[in-house]
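I'm opening the notebook on this one and going residue by residue. Rings first, then a helix, then whatever else turns up.

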Amino acid sequence: MVQRDVFYPKEQEVFVTNEQMLCLLYHEAKFNVVQGRYALYIEDYHRLAGLQALIHLGKFSRNTHVLADYRANLVQFYPEHMYTRERFLFFAKTKAHAQDCEELFMDAHKKVSEEYSDLDVEKSLSILYRKYLELCWSYPFYGSAFFTGQIETPTSRLKKIILPPPDTEVWVAINTDSVTVIDRDKCDILLSIPFSQLSWEFRDPDFDGDNDPPPCLFLQFLTKSRKWLPPQTGMKLREGQTQGWAV
C-alpha cells in the first residue's frame, strides 16, 4: 500500500484535484477505516461504506444487490468491531451484530445511490473519492502515522496488587497537528490533543539483563485549572479532565 506523507499538510491536500492522487489517498483512508485505525461515529462508518459500495459495486439495484452479498462483504467495508460482539460463551467473538450491520450497509448503499442518481459513476470517480476523504478529513487523526502501544488499565490500588488487569492495547496516531490514542479493541478515542496543548518525552529504557522494557512516550498536558500534572502511567482521560499519560 502507498503511504501518504505524514508531513504533507491537510490544508494543501484539500486542493488536490488529480484523480490518480485522490484515488491513492482514498485507498489509504479506506485501509485505515477497515483496519479499525480510524475511530469514527457509527453513522460515518455506514456513510463511508455506502460511498465505497457506490465506487466499487456501482449504483444499487434490487435485482443485482441482495442482502447475502452485503453480509459476505462486511469485512471489506467495515472494521471488525462493527459486525462482531464479544460473548462470554467459549470466550469467542461471534457475528451477533452482522445482521444489523448488513442491513444498514445495504441501506447506506441505497441512500448514496439515490443521492448521486444523476452521476455517471465511472466518469466521476474523483468526486466520490473526494466525498469519502472529506468525511475522513473531519477527524483529528487523519493522515497520522500509527504505532502500536499499551497503557495501564485504570484500577484501584488493592486490585492492582491482588490481580492487576492486563494493559489496554492502543493505537498511537501522530500527525503534524496532534496525538491521538485509540483503544484497539473497542475502537474508542481515549485521548486526542494538539501539540500546542501538551509537552512530551520519549524514553527507551536500557536492557537491564532480566527484562527488556518497551520504549515509552510520556504525554503531559494542562488540567482545567491550568496546572501542569506530572506524567503518570496508566491514567485514563475522563470527560472534562486532562491528565498525564505514559504510553
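This is a predicted model: local features need pLDDT of at least 70, side-chain atom pairs count only at pLDDT 80 or more; totals for chains, interfaces and linings use all residues.

I started with Y26, which comes out at 0% relative accessibility and so counts as buried. My cut-offs: buried is under 20% relative accessible area, exposed is over 50%, and partly exposed is in between, with a 1.4 Å probe and protein chains only. Residues are numbered from 1 along each chain as its sequence is written, and side-chain values use heavy atoms, with hydrogens and water left out.

**Ring pairs**

I searched the whole structure for aromatic pairs and got eleven. Y26 and Y132 make one that is edge-to-face, 4.9 Å centre to centre with 85° between the planes. Y26 is in helix 2 and Y132 in helix 7, so this pair ties together parts 106 residues apart in sequence. For the criteria, rings of Phe, Tyr and Trp (its six-membered ring) pair if their centres lie within 6.5 Å; planes under 30 degrees apart are stacked, over 60 edge-to-face, the rest tilted. Helices (H or I, at least four residues) and strands (E, at least two) are DSSP runs, numbered from the N terminus. Y132 is buried too, at 1% relative accessibility.

Next I looked up Y41 and Y139, a tilted pair at 6.1 Å centre to centre and 50° between the planes. Y41 sits in the loop between helix 2 and helix 3, Y139 in the loop between helix 7 and strand 3, and they are 98 residues apart. Is each partner buried or exposed? Y41 counts as exposed at 55% relative accessibility, but Y139 is buried at 7%. Both belong to a cluster linked by ring pairs, along with Y38, F141, Y142, F146 and W171.

W171 also has the charged end of R184 over its ring, 4.5 Å from the centre. I count a charge as over a ring if NZ of Lys or CZ of Arg is within 6 Å of the ring centre and within 35 degrees of the ring normal.

**Helix 2**

Helix 2 covers residues 19-34, and its 16 residues reach 22 Å from first C-alpha to last, close to the 22 Å expected at 1.5 Å a residue. Its buried residues include L22, L25, Y26, A29 and V33. What covers them? Helix 1, helix 3, helix 5, helix 7 and strand 3 are among the covering elements. At the start, a side-chain oxygen of N18 reaches to within 3.0 Å of the backbone nitrogen of Q20. Just after the helix, G36 takes a positive phi of about 80°.

**Two spot checks**

F147 is in strand 3, residues 145-151, and is partly exposed at 45% relative accessible area. F147 touches V170, W171, V172 and I174, leaving out residues up to four places away in sequence; contact here means heavy atoms within 4.5 Å.

R71 is in helix 4, residues 67-72, and is also partly exposed, at 45%. The side chains of R71 and E102 are joined by a polar contact of 3.0 Å.

**Whole chain**

I logged eight helices and nine strands. Of the 247 residues, 41% count as buried.

Technical notes:
A polar contact is a pair of N or O atoms within 3.5 Å; within protein, one must be able to donate a hydrogen and the other to accept it, and residues adjacent in sequence count only if both atoms are side-chain atoms. The expected span of a helix is 1.5 Å times one less than its number of residues.
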